[in-house]
Amino acid sequence: MRAKAGLAQMLKGGVIMDVTTPEQARIAEDAGACAVMALERIPADIRAAGGVARMSDPSVIRDIQEAVSIPVMAKCRIGHFVEAQILQALEIDYIDESEVLTPADEANHVDKHRFTVPFVCGATDLGEALRRVAEGAAMIRTKGEAGTGNVVEAVRHMRTIRSEIARLSALREDELYAAAKDLRAPYELVSEGAREGRLPVVNFSAGGVATPADAALMMQLGADGVFVGSGIYKSADPAPRARAIVEAVTHFEDPDVLARVSTDLGPAMVGIGMESLSEDQLLHTRGS
Amino acid sequence: MSGLSVGVLALQGAFVEHEEALERVGATPRQVRTVARMDGLDALVIPGGESTTIGLIGGDSGLVDAIRSAVAGGLPVFGTCAGMIMLASSTTGGRQPLIGGMDIVVRRNAFGRQVASFEADVSMPSVGDDPFPGVFIRAPWIEEHGPSVEVLATVRDHPVAARQGSLLVTAFHPEITGDDRVHRLFVDIVRGDGTGNQATPTVGGGIRVRPQ
């Protein structure tokens, strides 16, 4: 487990970028990404295409693995443990059991303890995060609302997780049993969270980050690092934006640097307001 | 003795874990993201992370050059994993800017991708008789080294910990184990009483020049 969670520790303070081609992967690596997510389509295009979104074709993943030396992640559908087996056979470095793809199982997530490859899973609140850790996730990310270029849900999820942990830490020990029941999470993990004042694994932010300022906002709210998907390759000029977001995550507390790297990046992705999405278009409500 | 001021390169990676370990062995850590933060340091730690990321960000801001000068001027540096890569004179399988300073050639991701990451007991006599809990994550190894480099530990016949003067490197991650013996060794080196100055060839340690 230390080697699985350890890779997430090494990714901290970094940016993980969605890529669909070897060229995009090299742009990401040259911009300073600490890992890439190999996809057939970025979330904004998955959202636009509709239909069932599945694991990427292995050829897409292999080409990207060949192109870069940094870790390569890939997504499987929630509960689709055979897609996860295939990704492990491809020697992917991290599996994202992701709500961005169409869930394969409405009740069960993948039993992640059965895999050598570590998993990252999305969460909207503390209970969800701890349920995923109980299933073996070695890394958590906020779900946000992928493919929208709108950071509002990622902010909500990060603030929720942090305030729920703060609340746990203020409870008496004999109140943690009821807290575990309310959170629908194992008592041992709830108790550990209360004691340590943090999640037991690394917690990145994902879903809607589109600008260097968005990335730094998530870092100042306590994220250990940032996933950027559609925000880079749906913008006018991806390479400088990718580099700027990397710089923003390193220097997230330095407004002078943030002002410099935010300058002259060209148009960001247009983005989608949450109010224009119907209930069935929301991704973050999948698989809680 | 008053606390040593030890910088921890905080561009990306597991730098907080190093800060905590340094505090436990009595040093005073300081995050370093800019050249200005290098002023007055007694030593520097380069953490694990992605060496390409660290090299690119540090290269642009002048930090890589500043650290290279400081190393040439005798600043003690401890590098773990990506930090070991950064201190190498060259690498196989990488194209990022390096700091250099140590007469070693490092192979990146030498043990393989994440599926090949592993934990192993590492015999490292310079930190004591008990084996050290080595956590190897997409770890590099030392492919070649010069005669002034002392190998402190080997795994699967490859050097994974070494020292040259006041430069110390490990391919594994002492900072995430809670075992502070390697950090203590580094602090001893900084204070000038590191016992590793004398080569202590024992099982798993000792001097090996250019294996293979």
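## A buried helix in chain B

In α5(B), the buried residues are B:R181, B:V182, B:H183, B:L185, B:F186, B:V187, B:I189 and B:V190. The model described here is predicted. Helix α5 of chain B covers residues 181-190, and because eight of its ten residues are buried, the helix is largely enclosed by the rest of the structure. Buried here means under 20% relative accessible area.

Just after α5(B), B:G192 has a positive phi of about 85°.

## A three-stranded sheet in chain B

Chain B also holds an open sheet of three strands in the order β5-β6-β9, with mixed pairing. Its edge strands are β5 (88-92) and β9 (141-145), each of which pairs on one side only. Ignoring direction, neighbouring strands of this sheet are turned by 30° against each other on average.

Strands β5(B) and β6(B), the latter spanning residues 102-107, run parallel and are joined by four bridges. Opposite B:S90 stands B:V105 in β6(B).

## The largest pocket

The largest pocket has a volume of about 870 Å³. It is lined by 36 residues, and those closest to its centre are A:Q9, A:K12, A:R198, A:V202 and B:E17. Two or more lining residues come from each of α1 (2-11), α9 (187-196), α10 (212-220) and α12 (238-250) of chain A, and from α1 (15-24) of chain B.

Which element gives the largest share of the lining of the largest pocket? That element is α1(B), with five residues. By residue class, the lining of the largest pocket has 15 nonpolar, ten polar and eleven charged residues.

Key
Residues numbered from 1 in each chain as written. Chains lettered and ligands numbered in written order. Predicted model: local features only at pLDDT ≥ 70, side-chain atom pairs only at ≥ 80, totals over all residues. Heavy atoms only, no water. 1 Å grid on protein atoms, 1.4 Å probe; cavity = no way out; pocket = protein on both sides within 12 Å on 5 of 7 lines; lining within 4 Å. Points joined across faces, edges and corners; volume = space filled by probe spheres on them. Nonpolar A, V, L, I, M, F, W, Y, C, P; charged D, E, K, R; others polar. Buried < 20%, exposed > 50% of the residue type's maximum accessible area, 1.4 Å probe, protein only. Pairing = 2+ DSSP bridges. Axes fitted to C-alpha atoms, helices over the stretch in contact; angles between N-to-C directions.
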